[in-house]
Amino acid sequence: MGDVIVVGAGLAGLVAANRAAQLGLRVVVLEQGAGDEYLCNSRIATGALNFAHSSPRLPVEQLVRAVMDDTEGHADPDLARAMAGVIGRGIEWLESEGANYQLRKMQDKETIVLAPPRRLEPGLDWRGRGADVLLHRLAANLKQRGGELLTGSRALSLLVSDGRCTGVAAQSGGETRRLAAAATVLADGGFQNNADLVRRHISPRPEALVQRSAGTGRGDAIRMAAAIGAKLVDMDRFYGHLLSRAATGNPNLWPYPTLDCLTGGSILVDRSGQRIFDEGLGGVTLSNRIASLDDPMSTTIIFDQEIWDTVGRDEVVPPNPCLVAAGGELYVADDLAALARKAGLPGEALLRTVTEYNAAVGDGALDRLHPPRSPGRRFGVIRNAPDRITPRTVAHPPFYAAPIAVGISCTLGGIAIDPAARALRQDGTPIAGLYAAGSTTGGVEGGPIAAYIGGLAKALSTALIAAEHIASTRKAVAAATP
């Protein structure tokens, strides 16, 4: 029997594997993808390492407050504290493993970004960029430490004996293998690419969502853990952004440009020309709400020239001018009636919606709108609203209409874990021998506003916690053995 089996070789899996091997444990990693450039969300990530939109180097209690603020109290405070307690040294540990960083201004904050950074332009460019380089280095480090990375190996089920997880059954090399281990770490990401699970928990039409992801998140770990009685939490929320509807057939329109900044300062209408959501909720929350509609492809952003020239440029990859340059849909007209015809919307209803909205904004009476319009919600917290989410009148021609789609990057819920990253049963007790890390876990994200604290930071912190708890447990067992 080995010491540790890790399922998944994204950032969470390779961090857990390397830290465990560094602490003297024998490690095998199973990765469903083939070759050295197997795809996963970590590899194609932008590379930002903020923790709840804060520097991971801040004091622990400040980071805990950031998580609780961003999630509006939804996160498990004990889990948030455990993660905040390791993320700072995790950044230093990653650097010792070969990560290179640079500071980059993103959405008004200085952000630690893996270097060399993505170019932040329309389309996907990941080869040779920070996250890709880091995964290659971690894979090489694992090999030097005597660990094994078995690509083309998909976990099928967990092995259990007397209530304890004792390993994994996996399909590898054309055969099914039973791999025994004292501890198993599930780290294969979320379930955004599993249509059945997405339909059950997130959207009635998963096929209408744009996969703003690597396309590999099948939810295998979540499924396997649930099959042996693990508790699942926050399964109804995901991290995503608003994209041009043309992104459904144009890969140059994802992951960027996102249209969140436009929505925050504009009017969001459905096919009837009426508002259906509070535009000030922010792009992630709106993405979740639109995804839950019977028709997630039914919404359009309405704005004017002034909005296009201001908030339309307020993004790391701004819609103005990147949306049209990358082939996105954008209708323009000198009056609202003509705009409605071009966009396929009912003219009278759109004019009435815009007129009522403008009057409410002008009078400072946002609560008389239906639904009411908040002054602005950003990162899950109502704060001093920056320009991008301040309500504006749509009154300066020409007028614009941008049909939108929801881009889903990763799910926010999954296996419930304790502060030691141990998978929990329905009654809250840990399943012996079973751990989970990264986006396959739940407990610190999701909730009513679909709060997101950062995928890479979540992966790094939970993976370190899991590996170090396994190592300390194995050491204690060895010390107690005659």
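User: Which residue is the bridge partner of isoleucine 5 in E2?

Analyst: In E2 the partner is valine 28. The model is a predicted one, in which local features need pLDDT of at least 70, side-chain atom pairs count only at pLDDT 80 or more, and totals for chains, interfaces and linings use all residues. Residues are numbered from 1 along each chain as its sequence is written, and side-chain values use heavy atoms, with hydrogens and water left out.

User: Why is strand E2 called largely enclosed?

Analyst: Buried means under 20% relative accessible area, exposed over 50% and partly exposed in between, with a 1.4 Å probe and protein chains only. Five of the five residues of E2 (residues 27–31) are buried, so the strand is largely enclosed by the rest of the structure. Val27, Val29 and Glu31 cover one side, and Val28 and Leu30 the other.

User: How do you know that serine 266 is buried?

Analyst: Its relative accessible area is 0%, and the limit for buried is under 20%. Serine 266 is found in the loop between helix H8 (260–264) and strand E12 (267–269). Leaving aside residues up to four places away in sequence, serine 266 touches Glu279, Ile301, Ile302, Phe303, Ile307 and Tyr357, where contact means heavy atoms within 4.5 Å.

User: Why are H3 and H4 called oblique?

Analyst: Helix H3 (residues 60–70) and helix H4 (residues 77–96) pack at about 135°, with axes 9 Å apart. Angles under 35 degrees count as roughly parallel, over 145 as roughly antiparallel, 65 to 115 as roughly perpendicular and the rest as oblique. H3 and H4 are therefore oblique to each other. The axes are lines fitted to C-alpha atoms over the stretch in contact, and angles run from 0 to 180 degrees between N-to-C directions.

User: What makes E10 and E19 edge strands?

Analyst: The open sheet has three strands in the order E10-E16-E19, with mixed pairing. Strand E10 (232–233) and strand E19 (441–442) each have a single partner strand, so one side of each is left without a neighbour in the sheet. E10 is joined to strand E16 (residues 414–416) by two bridges and runs antiparallel to E16.

Methods
Helix = DSSP H or I, 4+ residues; strand = E, 2+ residues; numbered from the N terminus. Pairing = 2+ DSSP bridges.
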